[in-house]
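Work through the exercises below with the model open beside you. Try each task before reading its solution.

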Amino acid sequence: YGSFDFKAKQTQHKVITTKLKYLTLDALEFDKLSKSTFEKSIYPSIDYFKSDKYFEHLCFSALEQAIIEYNQTTNIKITEYGTSIECIKIPKASNESVKNFELDAYFIKGIQFFGISCTTSDERRMIKSKGFEIIHRSKQIGGEEARAILIYREKDKYEKPDEHPKHLQTELEQDTGTSQNRFYLKPFIDVETLKQDFIKIITDN
């Protein structure tokens, strides 16, 4: 896409499969596991469920469901999307120094690029930093018409109303010179809610 090539990091998907294999068994199959096998299977996964990678997996699940649902309603299908993508910059000259980077997820609708970043942080400062990064990376790949999406895990309660990350939407648009409807800041509530958010973003563009 443009001057970038995308490479999926398939090894991560294998890790997800390994971590979840016992957790996806039904109750009858759980009964067949010995206590030691069950403990070895479940306990290493606890930290994983708190990790950025698991959060990224949940967000991508919502995106994939949204794309499948959207594709059923239109002749213009979204066929290019992925998660844990390494963006490899194609040098313009043999002596050009380039630096690759990763995107949590992306999709392309028509010729429009959508870059997605996910963070488990609920700190305003960190969320804003992630916002700057995904806006920059999305434009770097897809140009000024690119869209950037940042998904964060929301706190149950914020001490002060102005600490809520939702206020960063306008702030980041102004600080980066990004037009409205080119940057989306969405809280993660659950997979179904995020799926509906993705469908709205897709259909609005």
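Residues 24 or more positions apart account for 67% of the contacts in the protein chain with a separation of 6 or more. Contact here means heavy atoms within 4.5 Å.

This is a predicted model: local features need pLDDT of at least 70, side-chain atom pairs count only at pLDDT 80 or more, and totals for chains, interfaces and linings use all residues. Residues are numbered from 1 along each chain as its sequence is written, and side-chain values use heavy atoms, with hydrogens and water left out.

## Exercise 1: elements and burial

Task. State how many helices and strands the protein chain has, and what share of its residues is buried.

Solution. 
- Step 1. Take the elements from DSSP runs: helices are H or I with at least four residues, strands are E with at least two, and both are numbered from the N terminus.
- Step 2. The chain comes to 7 helices and 6 strands.
- Step 3. From the N terminus, their order is β-α-α-α-α-β-β-β-α-β-α-β-α.
- Step 4. Sort residues by relative accessible area: buried is under 20%, exposed is over 50%, and partly exposed lies in between (1.4 Å probe, protein chains only).
- Step 5. Of the 205 residues, 39% count as buried.

## Exercise 2: a check on helix 4

Solution. 
- Step 1. Now look for its buried residues; among them are Phe-55, Leu-58, Cys-59, Ala-62, Leu-63, Ala-66, Ile-67 and Tyr-70.
- Step 2. Keep one rule in mind: an α-helix has 3.6 residues a turn, so residues three or four places apart point the same way.

## Exercise 3: salt bridges

Task. Find out which parts of the chain the Lys-195 to Glu-69 pair ties together.

Solution. 
- Step 1. Apply the rule: a salt bridge is a side-chain nitrogen of Lys or Arg within 4 Å of a carboxyl oxygen of Asp or Glu.
- Step 2. The closest N and O atoms of Lys-195 and Glu-69 are 2.9 Å apart, and the two form a salt bridge.
- Step 3. Lys-195 lies in helix 7 (residues 191-204) and Glu-69 in helix 4 (residues 52-71), so the pair ties together parts 126 residues apart in sequence.
- Step 4. Lys-195 is buried at 9% relative accessibility, whereas Glu-69 is partly exposed at 33%.

Solution. 
- Step 1. Asp-175 sits in helix 6 (residues 168-176) and Lys-128 in helix 5 (residues 124-142), 47 residues apart.
- Step 2. Asp-175 is partly exposed at 45%, while Lys-128 is buried at 18%.
- Step 3. Both belong to a network of salt bridges that links Arg-124, Lys-128, Glu-171 and Asp-175.
- Step 4. A search of the whole structure finds 11 salt bridges.

## Exercise 4: pocket and cavity

Task. Describe the lining of the largest pocket and of the largest cavity.

Solution. 
- Step 1. Lining residues have an atom within 4 Å of a point.
- Step 2. The largest pocket is lined by 13 residues, with Glu-102, Asp-104, Ser-117, Cys-118 and Lys-130 nearest its centre.
- Step 3. Helix 5 supplies the largest share of this pocket lining, 4 residues.
- Step 4. The largest cavity is lined by residues including Ile-135, Ser-138, Lys-139, Arg-182 and Phe-183.
- Step 5. Helix 5 gives the most to the cavity lining too, with 3 residues.

## Exercise 5: one glycine

Task. Is Gly-131 buried or exposed?

Solution. 
- Step 1. Locate Gly-131 in helix 5.
- Step 2. Its relative accessibility is 0%, so Gly-131 counts as buried.
- Step 3. Leaving out residues up to four places away in sequence, Gly-131 touches Leu-150, Leu-172 and Phe-183.

Technical notes
1 Å grid on protein atoms, 1.4 Å probe; cavity = no way out; pocket = protein on both sides within 12 Å on 5 of 7 lines; lining within 4 Å.
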